[in-house]
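This report is for a reader who is meeting the structure for the first time.

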Amino acid sequence: MPRTPLYKAAETEMIRRIEAGDWPVGMRLGNEFQLAEEFGVSQGTMRRALMSLEAMGLLSRKPGRGTLVAAPAPVMTSSAGGAGGLVTPEGDAPQFEIHRAKALTRGADADEATLFGSGRLSVSERVLKLGGVRAALDEIAVPEALAPALDEDAPVDLHDFLSAHGLSPATLEDALCASITTMGESVTLSCDRYTPLLVLTRVARGADGAVIGRQVLRVADPDVEYRPGG
C-alpha cells in the first residue's frame, strides 16, 4: 500500500481533533513551527496541511490573529440555475461515473422528518468513480410521495437528478464541512482509514419552499473543491 504523505497524516489528525471537539471552534492554534514540532513534521509540511484545512473551511488564518478553528460554513442559497458546485483543478465540474448503486425506500429519522415533512423517503445510494478511481459516496433522498422509485442511473447533479424524476427545484442550499472516512467507508472507497472527506450537503426546494430533495456527497479526491455560484 502506498505510504501516506506526511502532510495528509497531519491533516487527518487535525480533522479528527476538530471532529472530536478536542479543538473547539474559536480555539487559537500554535504557530507553524510549534505545530510542526508537535506533529513531528517539517514546517513546510505543516504549512501545506494548514492550507488544506483552511480551504475546507475548518481553519481561519488571519494576519495578526493567528490560526483559529473556524465555525461551520454557513448555508449558501441560490437559484437552481446559479448554484455553485464542485470543481477540479482545471475549473471544470468533475465527471463522476456511477460505480455501484442501490435504490431503496425507508423511514425518515427525526431530523429528516422535520426537514422533509414526510415520514417515508426514497433513497439512492451510490459509489462514484472519478478518472477510474473510486472517489465519492453519494446519497440522494426524496419524499416517497413525490418519487416512489428512484432511477439508479440518474445524473449525479441534484438539479438534473430531480428533473429526471419530474421534479422542478427552484432553489438550492449548500452547506460544506470536512470529515474523515469510517472503516466501512474506507473499504468502500478503497482508501486509507481516516482519509479526509469534503462533504457537500445540498437541499433542493420547490417553488412553494418545500424540500423536495437532499443530497449528501462525500468526496475523497483531494483535488476536488467547492466553488460558490455567482
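Is L53 buried or exposed? L53 is buried, with a relative accessible area of 0%. The model is a predicted one, and every value below is computed from it.

L53 belongs to helix α3, which covers residues 43-55. Beyond the residues up to four places away in sequence, L53 touches E11, M14, I15, I18, L58 and L59. R17 is found in helix α1, residues 6-20. The relative accessible area of R17 is 17%, so R17 is buried.

S122 sits in strand β6, residues 120-130, and is buried with a relative accessible area of 1%. When neighbours within four places in sequence are left aside, the contacts of S122 include L104 and T105, I140 to P143 by way of A141 and V142, and also E144. A147, P148, A149 and L150 are likewise in contact with S122. E173 is part of strand β8, residues 171-180. With a relative accessible area of 18%, E173 is buried as well; the cut-off for this class is under 20%.

**Separations in sequence and in space**

| Pair | Apart in sequence | C-alpha to C-alpha |
|---|---|---|
| E173 and L53 | 120 residues | 22 Å |
| L53 and T171 | 118 residues | 29 Å |
| S122 and G85 | 37 residues | 24 Å |

**The protein as a whole**

What does the protein contain in helices and strands? There are six helices and 11 strands. Along the principal axes, the C-alpha atoms fill a box of roughly 55 × 40 × 35 Å. A compact globule of 230 residues would have a radius of gyration near 17 Å, and the 19 Å of the protein agrees with this.

Of the 230 residues, 44% are buried. Among contacts with a separation of 6 or more, 60% are between residues 24 or more positions apart. The protein exposes about 11500 Å², and 52% of this is supplied by carbon and sulfur atoms. Its side chains include 23 positive and 31 negative ones, and the centres of these two sets lie 5 Å apart.

**The cysteines**

How many disulfides does the structure hold? It holds zero disulfides. C177 is in no disulfide, and the nearest cysteine sulfur, that of C191, is 16 Å away. A disulfide is a covalent bond between the sulfur atoms of two cysteines. The cut-off applied to such a pair of sulfur atoms is within 2.5 Å.

Both cysteines can also be placed by their accessibility. C177 has a relative accessible area of 37% and is partly exposed. C191 counts as partly exposed too, at 24% relative accessibility.

Methods: Residues numbered from 1 in each chain as written. Predicted model: local features only at pLDDT ≥ 70, side-chain atom pairs only at ≥ 80, totals over all residues. Heavy atoms only, no water. Helix = DSSP H or I, 4+ residues; strand = E, 2+ residues; numbered from the N terminus. Rg over C-alpha atoms; globule rule 2.2 N^0.38 Å. Buried < 20%, exposed > 50% of the residue type's maximum accessible area, 1.4 Å probe, protein only. Contact = heavy atoms within 4.5 Å. Areas by Shrake-Rupley, 256 points an atom, 1.4 Å probe, with all protein chains shown as cover. Lys, Arg positive; Asp, Glu negative; His and termini not counted. Charge placed at Lys NZ, Arg CZ, Asp CG, Glu CD.
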